[in-house]
Amino acid sequence: MPKLYAYTDGACSGNPGPGGWGTLLVAREGDTVVRTRDLQGGEARTTNNRMELLAAIAALESLNRASQITIVTDSQYVKNGVTSWIHGWKRNGWKTSAKKPVKNDDLWKRLDAAQATHDVTWEWVKGHAGHPENERADELAREGMAPFKPAR
């Protein structure tokens, strides 16, 4: 059975501004890549954090059955949010410890629901550091943003 990985990234030109997200799905048997799939999208006016979240959501929502998957993100916001902060937010009715509404709660709720049927391991990797799959996810995010950027 191949091991599944999703390398995710978001991009924004201005924050807020036009943005894109990209996901590289990889199935590996040992060290051999047996299958890859590119996912990407974007929005006309968004934030980098929303694009980072959508990349992870897209990875999970693209799976058609319960799966074991490792999601590799260069976003500490996503990694820390989904592995730590989300538990308190849910307990507090989607409020922060300061009793303020959680930013991007619509996407956090969607991510929480998307991962509920899967066995997800979350990993962080430093962005723009030559990690080939992260670089590909970044490229996909920039491609996803391109249709929403004004022509120069």
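Modeller: Two strands are said to pair if DSSP finds at least two bridges between them. The model shown is predicted.

Biologist: What makes β2 and β3 a pair of strands?

Modeller: At least two bridges are required; β2 and β3 (residues 32-46) have 12 bridges, in the antiparallel sense, and therefore they count as paired. Within this pairing, Gly20 has Gly42 of β3 as its bridge partner. The hairpin of β2 and β3 has 2 residues between the strands, and Gly30 takes a positive phi near 65° there.

Biologist: Why is Trp94 called buried?

Modeller: The relative accessible area of Trp94 is 15%. Trp94 is found in the loop between α2 (76-91) and α3 (105-115), and has a positive phi of about 60° although it is not a glycine.

Biologist: Why is Lys99 called exposed?

Modeller: Exposed means over 50% relative accessible area; the value for Lys99 is 61%, so the term applies. Lys99 also lies in the loop between α2 and α3, and its phi is positive, near 70°.

Biologist: Why are such phi values in residues other than glycine remarked upon?

Modeller: Most residues other than glycine have a negative phi, and most peptide bonds are trans.

Biologist: Where is there a cis peptide bond?

Modeller: A cis peptide bond joins Asn15 and Pro16, with omega about 15°. Pro16 has its place in the loop between β1 (3-12) and β2 (17-29).

Definitions and conventions. Residues are numbered from 1 along each chain as its sequence is written. This is a predicted model: local features need pLDDT of at least 70, side-chain atom pairs count only at pLDDT 80 or more; totals for chains, interfaces and linings use all residues. Side-chain values use heavy atoms; hydrogens and water are left out. Helices (H or I, at least four residues) and strands (E, at least two) are DSSP runs, numbered from the N terminus. Buried means under 20% relative accessible area, exposed over 50%, partly exposed in between (1.4 Å probe, protein chains only).
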